[in-house]
Amino acid sequence: MPHDALVAGRDVKFFSIIFLFAIAVGCAVSPARTQEGELPRCEAPISNAGVNWVSRLFKWETRTSPVHIAGPIYFVGTEGLGAYLIKTSDGHILLNTGMRSSGPMIEWSISQIKHLAPKGKHEEVKTKNIKWLLANHAHVDHVGGHAYFKESDKFAIEEVRVRKPDTLLLADGGKTDFQYRNCKGFAFPAVAGVKDFDEDRQQSGTYLPFTRGDVSLQIIPTPGHTRGSTTFMAEVEHHGKKYKVVFLDGANVNLGYKVNPLKEQSYTDIDEDFRATFKRLISLEPDIWLSAHTADFDFDDKRKLAATKQSPEPWLDRGGPDGYKCFVARRWVEFERRARAPVTEAAQHLSKHCTSP
Ligand SMILES: [Zn+2]
(Lines give C-alpha, C1' and ligand atoms only; values in the text may rest on other atoms or scores of the structure.)
Protein backbone atom coordinates (compact mmCIF):
# COMPACT_ATOMS: atom_id res chain seq x y z
CA MET A 1 0.00 0.00 0.00
CA PRO A 2 1.38 3.48 -0.76
CA HIS A 3 2.73 5.34 2.24
CA ASP A 4 0.24 8.13 1.89
CA ALA A 5 -2.64 5.72 1.97
CA LEU A 6 -1.18 3.99 4.99
CA VAL A 7 -0.88 7.27 6.79
CA ALA A 8 -4.25 8.55 5.68
CA GLY A 9 -6.19 5.37 6.37
CA ARG A 10 -5.18 4.71 9.95
CA ASP A 11 -4.44 8.16 11.19
CA VAL A 12 -7.79 9.81 10.78
CA LYS A 13 -8.39 9.59 14.51
CA PHE A 14 -4.96 10.96 15.37
CA PHE A 15 -5.14 13.87 12.99
CA SER A 16 -8.64 14.71 14.11
CA ILE A 17 -7.27 14.91 17.62
CA ILE A 18 -4.36 17.05 16.48
CA PHE A 19 -6.69 19.28 14.49
CA LEU A 20 -8.99 19.81 17.42
CA PHE A 21 -6.02 20.40 19.65
CA ALA A 22 -4.79 22.91 17.08
CA ILE A 23 -7.97 24.89 17.42
CA ALA A 24 -7.82 24.84 21.16
CA VAL A 25 -4.12 25.41 21.61
CA GLY A 26 -3.32 27.29 18.44
CA CYS A 27 -5.80 29.91 19.51
CA ALA A 28 -4.05 30.06 22.80
CA VAL A 29 -0.71 31.08 21.37
CA SER A 30 -0.83 34.52 19.91
CA PRO A 31 1.19 34.91 16.72
CA ALA A 32 1.87 38.49 17.69
CA ARG A 33 5.38 39.25 18.80
CA THR A 34 6.37 41.33 21.75
CA GLN A 35 7.80 44.79 21.27
CA GLU A 36 11.27 43.34 21.64
CA GLY A 37 10.33 40.90 18.88
CA GLU A 38 11.02 37.57 20.55
CA LEU A 39 8.60 34.97 21.71
CA PRO A 40 4.96 34.24 21.05
CA ARG A 41 2.88 34.99 24.08
CA CYS A 42 0.14 32.86 25.44
CA GLU A 43 -3.08 34.66 26.19
CA ALA A 44 -3.93 33.08 29.47
CA PRO A 45 -7.76 33.14 29.46
CA ILE A 46 -7.97 31.56 26.01
CA SER A 47 -5.25 29.11 26.90
CA ASN A 48 -7.21 27.98 29.92
CA ALA A 49 -10.38 27.53 27.93
CA GLY A 50 -8.55 25.61 25.21
CA VAL A 51 -6.91 23.11 27.52
CA ASN A 52 -10.11 22.61 29.48
CA TRP A 53 -12.02 22.00 26.28
CA VAL A 54 -9.52 19.40 25.02
CA SER A 55 -9.52 17.79 28.44
CA ARG A 56 -13.31 17.44 28.38
CA LEU A 57 -13.36 16.18 24.81
CA PHE A 58 -10.82 13.43 25.47
CA LYS A 59 -11.95 12.66 29.01
CA TRP A 60 -8.62 13.54 30.53
CA GLU A 61 -10.35 14.28 33.83
CA THR A 62 -12.91 11.49 33.85
CA ARG A 63 -12.33 8.93 36.59
CA THR A 64 -12.25 5.28 35.61
CA SER A 65 -11.65 1.86 37.17
CA PRO A 66 -8.21 0.27 37.31
CA VAL A 67 -7.20 -2.56 35.00
CA HIS A 68 -4.56 -5.20 35.55
CA ILE A 69 -2.14 -5.19 32.61
CA ALA A 70 0.45 -7.85 33.45
CA GLY A 71 2.54 -8.99 36.42
CA PRO A 72 3.01 -6.00 38.74
CA ILE A 73 1.57 -3.39 36.33
CA TYR A 74 -1.86 -1.79 36.78
CA PHE A 75 -3.53 0.94 34.75
CA VAL A 76 -4.75 3.55 37.25
CA GLY A 77 -5.23 6.55 34.94
CA THR A 78 -8.30 8.45 33.78
CA GLU A 79 -10.34 7.66 30.66
CA GLY A 80 -7.96 9.66 28.48
CA LEU A 81 -4.66 9.68 30.33
CA GLY A 82 -2.40 6.78 31.21
CA ALA A 83 -1.07 6.46 34.77
CA TYR A 84 0.44 3.21 35.98
CA LEU A 85 0.99 1.64 39.35
CA ILE A 86 3.91 -0.79 39.37
CA LYS A 87 4.13 -2.95 42.47
CA THR A 88 7.58 -3.93 43.64
CA SER A 89 8.70 -6.08 46.56
CA ASP A 90 9.98 -2.91 48.24
CA GLY A 91 7.10 -0.46 47.65
CA HIS A 92 5.30 0.87 44.62
CA ILE A 93 6.09 3.11 41.67
CA LEU A 94 3.50 5.53 40.28
CA LEU A 95 4.18 6.58 36.69
CA ASN A 96 2.30 9.78 35.66
CA THR A 97 -0.41 11.60 37.59
CA GLY A 98 -2.62 13.15 34.89
CA MET A 99 -4.03 16.69 35.10
CA ARG A 100 -4.10 19.06 38.08
CA SER A 101 -7.42 17.57 39.21
CA SER A 102 -6.42 13.94 38.66
CA GLY A 103 -4.73 13.14 41.98
CA PRO A 104 -7.92 12.05 43.80
CA MET A 105 -9.13 10.19 40.67
CA ILE A 106 -5.92 8.16 40.52
CA GLU A 107 -6.02 7.62 44.28
CA TRP A 108 -9.57 6.25 43.93
CA SER A 109 -8.50 3.98 41.06
CA ILE A 110 -5.64 2.60 43.16
CA SER A 111 -8.09 1.94 46.00
CA GLN A 112 -10.17 -0.21 43.63
CA ILE A 113 -7.32 -2.57 42.73
CA LYS A 114 -8.46 -4.82 45.58
CA HIS A 115 -11.57 -5.67 43.55
CA LEU A 116 -9.44 -7.07 40.73
CA ALA A 117 -8.01 -9.85 42.84
CA PRO A 118 -9.12 -13.39 42.16
CA LYS A 119 -11.15 -14.90 45.00
CA GLY A 120 -9.06 -15.67 48.06
CA LYS A 121 -6.23 -13.35 47.04
CA HIS A 122 -5.47 -10.06 48.70
CA GLU A 123 -4.33 -7.25 46.44
CA GLU A 124 -5.10 -4.09 48.36
CA VAL A 125 -2.56 -1.36 47.71
CA LYS A 126 -1.62 0.68 50.75
CA THR A 127 -1.15 4.28 49.72
CA LYS A 128 1.78 4.67 52.12
CA ASN A 129 3.59 2.03 50.07
CA ILE A 130 3.66 4.27 47.01
CA LYS A 131 7.22 5.52 47.32
CA TRP A 132 8.38 6.63 43.90
CA LEU A 133 6.76 9.11 41.57
CA LEU A 134 7.90 9.15 37.92
CA ALA A 135 6.65 10.70 34.69
CA ASN A 136 7.09 10.22 30.98
CA HIS A 137 7.51 13.97 30.66
CA ALA A 138 6.67 17.17 32.52
CA HIS A 139 3.55 18.49 30.84
CA VAL A 140 0.39 19.39 32.72
CA ASP A 141 -1.49 16.30 31.51
CA HIS A 142 1.08 13.90 33.03
CA VAL A 143 2.47 15.66 36.09
CA GLY A 144 -0.52 17.83 37.02
CA GLY A 145 -1.23 15.60 40.03
CA HIS A 146 2.36 15.17 41.20
CA ALA A 147 2.08 17.82 43.91
CA TYR A 148 -1.07 16.11 45.26
CA PHE A 149 0.79 12.84 45.82
CA LYS A 150 3.98 14.50 47.03
CA GLU A 151 2.30 16.79 49.57
CA SER A 152 -0.58 14.74 50.98
CA ASP A 153 -0.06 12.92 54.30
CA LYS A 154 -1.87 9.94 52.83
CA PHE A 155 1.23 9.11 50.80
CA ALA A 156 4.87 8.77 51.70
CA ILE A 157 6.64 9.64 48.46
CA GLU A 158 10.39 9.19 48.91
CA GLU A 159 11.53 10.30 45.50
CA VAL A 160 10.23 12.12 42.44
CA ARG A 161 12.31 11.44 39.37
CA VAL A 162 12.35 12.51 35.74
CA ARG A 163 15.25 13.02 33.35
CA LYS A 164 17.32 16.09 34.07
CA PRO A 165 15.88 18.62 31.58
CA ASP A 166 12.39 17.99 32.97
CA THR A 167 13.48 18.42 36.59
CA LEU A 168 13.54 22.16 35.83
CA LEU A 169 10.02 22.08 34.42
CA LEU A 170 8.69 20.25 37.46
CA ALA A 171 10.44 22.70 39.75
CA ASP A 172 8.86 25.75 38.10
CA GLY A 173 5.46 24.30 37.22
CA GLY A 174 6.12 24.43 33.48
CA LYS A 175 7.20 28.09 33.36
CA THR A 176 10.30 27.30 31.28
CA ASP A 177 8.62 24.95 28.81
CA PHE A 178 9.89 25.82 25.32
CA GLN A 179 6.37 25.76 23.88
CA TYR A 180 3.95 26.46 26.68
CA ARG A 181 5.74 29.01 28.85
CA ASN A 182 3.43 31.89 29.63
CA CYS A 183 0.43 29.63 28.98
CA LYS A 184 -1.65 29.58 32.13
CA GLY A 185 -3.67 26.56 31.03
CA PHE A 186 -0.48 24.50 30.80
CA ALA A 187 0.85 25.48 34.21
CA PHE A 188 0.82 22.94 37.02
CA PRO A 189 1.75 22.98 40.73
CA ALA A 190 5.53 23.05 41.11
CA VAL A 191 7.21 20.10 42.82
CA ALA A 192 10.31 20.58 44.95
CA GLY A 193 13.23 18.20 45.30
CA VAL A 194 12.88 16.40 41.98
CA LYS A 195 15.84 14.24 41.02
CA ASP A 196 17.36 13.11 37.75
CA PHE A 197 17.78 9.41 37.05
CA ASP A 198 21.28 8.04 37.66
CA GLU A 199 23.48 8.35 34.65
CA ASP A 200 25.67 5.45 33.65
CA ARG A 201 29.09 7.02 34.00
CA GLN A 202 30.64 4.29 31.88
CA GLN A 203 28.54 5.13 28.85
CA SER A 204 27.79 8.80 28.63
CA GLY A 205 24.27 9.67 27.59
CA THR A 206 22.79 6.47 28.95
CA TYR A 207 21.18 5.72 32.29
CA LEU A 208 21.35 3.02 34.87
CA PRO A 209 18.06 1.17 35.22
CA PHE A 210 15.69 2.47 37.89
CA THR A 211 15.59 -0.60 40.10
CA ARG A 212 13.39 -0.84 43.17
CA GLY A 213 12.68 -4.18 44.83
CA ASP A 214 12.15 -6.82 42.18
CA VAL A 215 11.28 -4.36 39.36
CA SER A 216 13.77 -2.72 37.03
CA LEU A 217 12.79 0.05 34.63
CA GLN A 218 15.10 0.77 31.74
CA ILE A 219 15.41 4.53 31.12
CA ILE A 220 15.31 5.35 27.41
CA PRO A 221 15.80 9.04 26.54
CA THR A 222 13.23 10.06 23.91
CA PRO A 223 13.63 13.87 23.78
CA GLY A 224 11.89 16.38 21.52
CA HIS A 225 8.36 16.44 22.90
CA THR A 226 10.04 17.87 25.98
CA ARG A 227 13.80 17.85 26.37
CA GLY A 228 13.44 15.28 29.15
CA SER A 229 10.84 12.99 27.55
CA THR A 230 11.48 9.44 28.64
CA THR A 231 10.33 6.02 27.53
CA PHE A 232 10.50 3.25 30.14
CA MET A 233 10.83 -0.45 29.52
CA ALA A 234 10.43 -3.28 32.02
CA GLU A 235 10.55 -7.03 31.77
CA VAL A 236 7.83 -8.47 33.99
CA GLU A 237 6.69 -11.97 34.81
CA HIS A 238 3.10 -13.06 34.54
CA HIS A 239 2.06 -16.65 35.28
CA GLY A 240 5.62 -17.84 34.73
CA LYS A 241 6.12 -16.09 31.38
CA LYS A 242 8.21 -12.98 30.76
CA TYR A 243 6.90 -9.94 28.92
CA LYS A 244 8.66 -6.80 27.77
CA VAL A 245 6.47 -3.81 28.53
CA VAL A 246 7.21 -0.43 26.95
CA PHE A 247 5.79 2.81 28.38
CA LEU A 248 6.16 4.80 25.18
CA ASP A 249 6.84 8.52 25.12
CA GLY A 250 8.19 11.20 22.79
CA ALA A 251 6.43 10.29 19.52
CA ASN A 252 4.06 13.26 19.46
CA VAL A 253 5.25 16.37 17.62
CA ASN A 254 2.68 18.79 19.00
CA LEU A 255 1.03 21.38 16.91
CA GLY A 256 3.04 24.58 17.00
CA TYR A 257 6.36 22.79 17.49
CA LYS A 258 8.91 24.15 15.00
CA VAL A 259 11.13 21.35 13.78
CA ASN A 260 12.37 22.53 10.38
CA PRO A 261 16.11 23.24 10.75
CA LEU A 262 16.08 25.50 7.71
CA LYS A 263 13.49 27.68 9.39
CA GLU A 264 12.76 28.46 13.01
CA GLN A 265 13.21 25.72 15.58
CA SER A 266 11.45 25.45 18.93
CA TYR A 267 14.89 24.83 20.40
CA THR A 268 18.26 24.22 18.77
CA ASP A 269 18.50 20.74 17.26
CA ILE A 270 14.96 19.71 18.21
CA ASP A 271 14.83 17.90 14.86
CA GLU A 272 17.88 15.82 15.75
CA ASP A 273 16.35 14.98 19.13
CA PHE A 274 13.11 13.80 17.55
CA ARG A 275 14.95 11.77 14.90
CA ALA A 276 17.06 10.02 17.54
CA THR A 277 13.87 9.38 19.49
CA PHE A 278 12.13 7.72 16.56
CA LYS A 279 15.17 5.55 15.84
CA ARG A 280 15.28 4.43 19.45
CA LEU A 281 11.55 3.78 19.61
CA ILE A 282 11.40 1.75 16.40
CA SER A 283 14.23 -0.48 17.64
CA LEU A 284 12.27 -1.62 20.71
CA GLU A 285 10.44 -4.95 20.61
CA PRO A 286 7.67 -4.78 23.19
CA ASP A 287 5.27 -7.60 23.92
CA ILE A 288 2.99 -4.97 25.46
CA TRP A 289 3.04 -1.21 24.90
CA LEU A 290 1.35 1.48 26.91
CA SER A 291 1.34 5.26 26.74
CA ALA A 292 0.47 8.37 28.71
CA HIS A 293 -2.44 8.94 26.27
CA THR A 294 -4.92 6.08 26.18
CA ALA A 295 -5.95 6.76 22.57
CA ASP A 296 -2.40 5.93 21.42
CA PHE A 297 -2.70 2.22 22.19
CA ASP A 298 -6.45 1.70 21.76
CA PHE A 299 -7.02 1.38 25.48
CA ASP A 300 -10.80 1.33 25.16
CA ASP A 301 -10.84 -1.60 22.73
CA LYS A 302 -8.28 -3.55 24.70
CA ARG A 303 -10.12 -2.93 27.95
CA LYS A 304 -13.31 -4.31 26.39
CA LEU A 305 -11.36 -7.43 25.46
CA ALA A 306 -10.09 -7.62 29.03
CA ALA A 307 -13.67 -8.21 30.21
CA THR A 308 -13.65 -11.61 28.54
CA LYS A 309 -9.98 -12.52 28.17
CA GLN A 310 -7.48 -12.88 30.96
CA SER A 311 -4.55 -10.49 31.24
CA PRO A 312 -2.13 -10.13 29.62
CA GLU A 313 -3.84 -11.49 26.49
CA PRO A 314 -5.80 -8.30 25.60
CA TRP A 315 -2.71 -6.14 25.95
CA LEU A 316 -0.32 -8.11 23.75
CA ASP A 317 1.03 -6.26 20.72
CA ARG A 318 -0.17 -8.05 17.60
CA GLY A 319 1.72 -5.88 15.12
CA GLY A 320 0.12 -4.65 11.89
CA PRO A 321 -1.80 -1.37 11.59
CA ASP A 322 -2.74 -1.34 15.29
CA GLY A 323 0.70 -2.37 16.48
CA TYR A 324 3.49 -0.53 18.25
CA LYS A 325 5.90 -0.24 15.33
CA CYS A 326 3.25 1.02 12.95
CA PHE A 327 2.28 3.68 15.49
CA VAL A 328 5.91 4.83 15.76
CA ALA A 329 6.48 4.71 11.99
CA ARG A 330 3.41 6.88 11.33
CA ARG A 331 4.53 9.49 13.78
CA TRP A 332 8.05 9.37 12.33
CA VAL A 333 6.85 9.96 8.75
CA GLU A 334 4.69 12.85 9.92
CA PHE A 335 7.66 14.34 11.79
CA GLU A 336 10.01 14.15 8.75
CA ARG A 337 7.40 15.91 6.64
CA ARG A 338 7.09 18.65 9.23
CA ALA A 339 10.91 18.90 9.30
CA ARG A 340 10.98 19.06 5.48
CA ALA A 341 13.53 16.24 5.59
CA PRO A 342 13.92 13.01 3.56
CA VAL A 343 11.26 10.57 4.61
CA THR A 344 12.89 7.43 3.18
CA GLU A 345 13.94 5.62 6.34
CA ALA A 346 10.70 6.35 8.18
CA ALA A 347 8.66 5.34 5.13
CA GLN A 348 10.46 2.01 4.92
CA HIS A 349 9.34 1.26 8.46
CA LEU A 350 5.84 2.39 7.58
CA SER A 351 5.69 -0.05 4.67
CA LYS A 352 7.15 -2.85 6.71
CA HIS A 353 5.06 -2.51 9.83
CA CYS A 354 1.72 -0.98 8.84
CA THR A 355 0.39 -3.74 6.65
CA SER A 356 -1.88 -6.35 8.16
CA PRO A 357 0.01 -9.34 9.54
ZN1 LIG B 1 3.14 16.38 26.42
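This is a predicted model: local features need pLDDT of at least 70, side-chain atom pairs count only at pLDDT 80 or more; totals for chains, interfaces and linings use all residues.
## Helix α8 against helix α10

The axes of helix α8 (residues 270-283) and α10 approach within 10 Å and cross at roughly 160°. The two helices, α8 and α10, are therefore roughly antiparallel to each other, since angles over 145 degrees fall in that class. The crossing in which α8 passes α10 is left-handed.

Which residues of α8 and α10 meet? On the α8 side they are F274, F278, L281 and I282, and their partners in α10 are K325, V328, A329, W332 and F335. Sorted by class, the residues of this contact of α8 with α10 are eight nonpolar, no polar and one charged.

## Helix α10 against helix α11

Helix α10 (residues 324-338) also packs with α11: their axes come within 8 Å, crossing at roughly 150°. That angle is again over the 145-degree limit, and α10 and α11 are therefore roughly antiparallel to each other. Here too the handedness is defined, with α10 passing α11 in a left-handed crossing.

From α10, the residues K325, C326, A329, R330, W332, V333 and E336 take part, and they meet A346, A347, H349, L350 and H353 in α11. This contact of α10 with α11 is made up of seven nonpolar, two polar and three charged residues.

Helix α11 spans residues 344-353, and its buried residues are A346, L350 and H353. Looking down the axis of α11, these buried residues fall within an arc of 90°, so they line one face of the helix. On the other side of α11 you will find T344, Q348 and K352, which are exposed.

## The chain as a whole

Stepping back, the protein chain holds eleven helices and 13 strands. Of its 357 residues, 47% count as buried. Among contacts in the chain with a separation of 6 or more, 64% are between residues 24 or more positions apart.

Is T294 buried or exposed? With 23 C-beta neighbours inside 10 Å, T294 counts as buried. Leaving aside residues up to four places away in sequence, T294 touches G77, E79, G80, L81, G82 and F299. G77 is 217 residues from T294 along the chain, and the C-alpha atoms of the pair are separated by 8.8 Å.

## Backbone spots worth a look

Most residues other than glycine have a negative phi, and most peptide bonds are trans. A few places in this model depart from that pattern. K59 has a positive phi of about 55° although it is not a glycine, and K59 lies in the loop between α3 (44-57) and β3 (67-70). With 16 C-beta neighbours inside 10 Å, K59 counts as partly exposed.

N96, also not a glycine, has a positive phi of about 80°. Its place is the loop between β6 (91-95) and α4 (102-111), and with 27 C-beta neighbours inside 10 Å, N96 counts as buried. Finally, the peptide bond from S311 to P312 is cis, with omega near 5°; P312 belongs to the loop between α9 and α10.

Key. Residues are numbered from 1 along each chain as its sequence is written. A residue is buried if 20 or more other C-beta atoms lie within 10 Å of its own, exposed if 12 or fewer, and partly exposed in between; C-beta atoms are placed from the backbone. Helices (H or I, at least four residues) and strands (E, at least two) are DSSP runs, numbered from the N terminus. The arc is that of the directions from the helix axis to the C-beta atoms. Axes are lines fitted to C-alpha atoms, for helices over the stretch in contact, and angles run from 0 to 180 degrees between N-to-C directions. Angles under 35 degrees count as roughly parallel, over 145 as roughly antiparallel, 65 to 115 as roughly perpendicular and the rest as oblique. A crossing is left-handed if the near helix is turned anticlockwise from the far one by less than a right angle, and right-handed if clockwise. Two residues are in contact if their C-beta atoms, placed from the backbone, lie within 7 Å. Ala, Val, Leu, Ile, Met, Phe, Trp, Tyr, Cys and Pro count as nonpolar, Asp, Glu, Lys and Arg as charged, and the others, Gly among them, as polar.
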